[in-house]
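Here is a short briefing on a protein model. Look at the picture first, then work through the points.

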Number of protein chains: 2
Amino acid sequence: MININNLNNLVSNKSHGNRGMILEDLINETNEYYLKKDIALIYKKPTPIGISKVKYENGKKVLEKGYFKEKSTLDYNGLYEGFYLDFEAKESLSNTAFPLSNIKTHQTNHIRNVIKHHGISFLIVKINKVFYYLDGHDYLDFIDHNDRKSIPIEYFSEKGYKLELSYNPSLDYLKIVDKIYGIKDGLK
Amino acid sequence: MININNLNNLVSNKSHGNRGMILEDLINETNEYYLKKDIALIYKKPTPIGISKVKYENGKKVLEKGYFKEKSTLDYNGLYEGFYLDFEAKESLSNTAFPLSNIKTHQTNHIRNVIKHHGISFLIVKINKVFYYLDGHDYLDFIDHNDRKSIPIEYFSEKGYKLELSYNPSLDYLKIVDKIYGIKDGLK
């Protein structure tokens, strides 16, 4: 559990090396909260690892050699009020834009597929110390109508939704999902 | 791709060592078919691995020591016609029953949670050379009303649905999901 008093400090003072990490921690903590409060079931997908060699240590299987494989999907998926959710969380190294190299082509295809099959897909992006929710529809709309290599921050403030850092949960992104998809209004 | 001519042979003649493997291959192949034919997006969750030590070989990150962690959820999840699916595939070592030790307590809780949050959960179980689909509701119903340590095969033939081994896809379990949840009839 991250202490709220240190939260803003942590988020702004963190070292370059563990950039992506803090956002991941916030999302994981939020998902644990949703799970504990019986609000939603959302999990981070484990990094797929190719296993080359295993051995046994005190009767326990231990991995002695493995290689990192590329994920073909997004980082998180799960279930919320009967809706399938699938999303990615990324921290932008630029303060003015989100480089599209952060999302691989097959991941963009996956977002397209999720929407096509009536699921909900989105990005949570941190740019210049601000967290944004950008819905999959708006992400694809940008991709499909621009040749640019990055999404400018203005697009996030115009089409996206700001996520305020808070306490329990840290980043309440389901509030935005509710708003966009009218879930809590019983529009399903 | 598994050749259909060898399929039944493979399934019955396989060695003891790779028991679960063949069923996993059939499910993976079926999921690839669903993906390719744009029917559903269903993925196997990677085995979660704790990373203890990494090194770099020719500039590539390689895992030098890792340990296997226990999955808190089921093996497969995904999206089908707007429905969230979450399931497990298991091969029974007994020819007359399915030992409940195959499903861990937290996995049973997960099945309960998925259903509670309006998702679809089920088991695909192979007993005595026959593949069965057993819906999560019927699985929980057994658990909640029995003190037995295994589900007898009769329960599968009574409450479950036989899955015939076929060609493209190998094990068309979505046909059963359609039937139970009336998805293709537009009942959603």
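What pLDDT does chain A average? The average is 88, and 87% of the residues score at least 70; pLDDT is the predictor's confidence in each residue, from 0 to 100. This is a predicted model, in which local features need pLDDT of at least 70, side-chain atom pairs count only at pLDDT 80 or more, and totals for chains, interfaces and linings use all residues. Residues are numbered from 1 along each chain as its sequence is written, while chains are lettered from A and ligands numbered from 1 in the order in which they are written.

**Confidence**

- Residues 13-20 of chain A have a pLDDT below 50. Beyond near neighbours in sequence, this stretch has three contacts in the model. Two residues are in contact if their C-beta atoms, placed from the backbone, lie within 7 Å.
- Where pLDDT is low, the predicted coordinates should not be read in detail.
- For the complex, the predictor gives an ipTM of 0.85 and a pTM of 0.86.

**Chain A**

- Chain A has six helices and 10 strands. Helices (H or I, at least four residues) and strands (E, at least two) are DSSP runs, numbered from the N terminus.
- Of its 188 residues, 32% count as buried. Buried means that 20 or more other C-beta atoms lie within 10 Å of the residue's own, with C-beta atoms placed from the backbone.
- Take the contacts in chain A between residues at least 6 apart in sequence: 63% of them join residues at least 24 apart.

**Around strand β5(A)**

- Strand β5 of chain A covers residues 83-91, and seven of its nine residues are buried.
- β4(A) and β5(A) run antiparallel and are joined by five bridges. Strands count as paired if DSSP finds at least two bridges between them.
- A:Y76 stands opposite A:F87 of β5(A).
- Two residues lie between the strands of this β4(A) and β5(A) hairpin, where A:E81 takes a positive phi near 50°.
- β5(A) also pairs with β7(A) (residues 120-127), in the parallel sense, over seven bridges. There, A:E91 has A:K126 as its bridge partner.

**Where the chains meet**

- The contact involves 27 residues of chain A and 27 residues of chain B.
- On chain A, β1 (41-44), β3 (60-68), β4 (76-80) and α3 (105-116) each supply at least two residues of the touching side. The largest share, eight residues, comes from β3(A).
- The touching side of chain A divides into 13 nonpolar, nine polar and five charged residues. Ala, Val, Leu, Ile, Met, Phe, Trp, Tyr, Cys and Pro count as nonpolar, Asp, Glu, Lys and Arg as charged, and the others, Gly among them, as polar.

**A sheet across both chains**

- β3(A) and β3(B) run antiparallel, joined by four bridges. In β3(B), B:G66 is the bridge partner of A:L63.
- B:G66 is also the bridge partner of B:I51. β2(B) and β3(B) pair in the antiparallel sense over eight bridges.
- The open sheet has four strands in the order β2(A)-β3(A)-β3(B)-β2(B), with antiparallel pairing. Its edge strands are β2 (49-57) of chain A and β2 (49-57) of chain B, each pairing on one side only.

Notes: A residue is buried if 20 or more other C-beta atoms lie within 10 Å of its own, exposed if 12 or fewer, and partly exposed in between; C-beta atoms are placed from the backbone.
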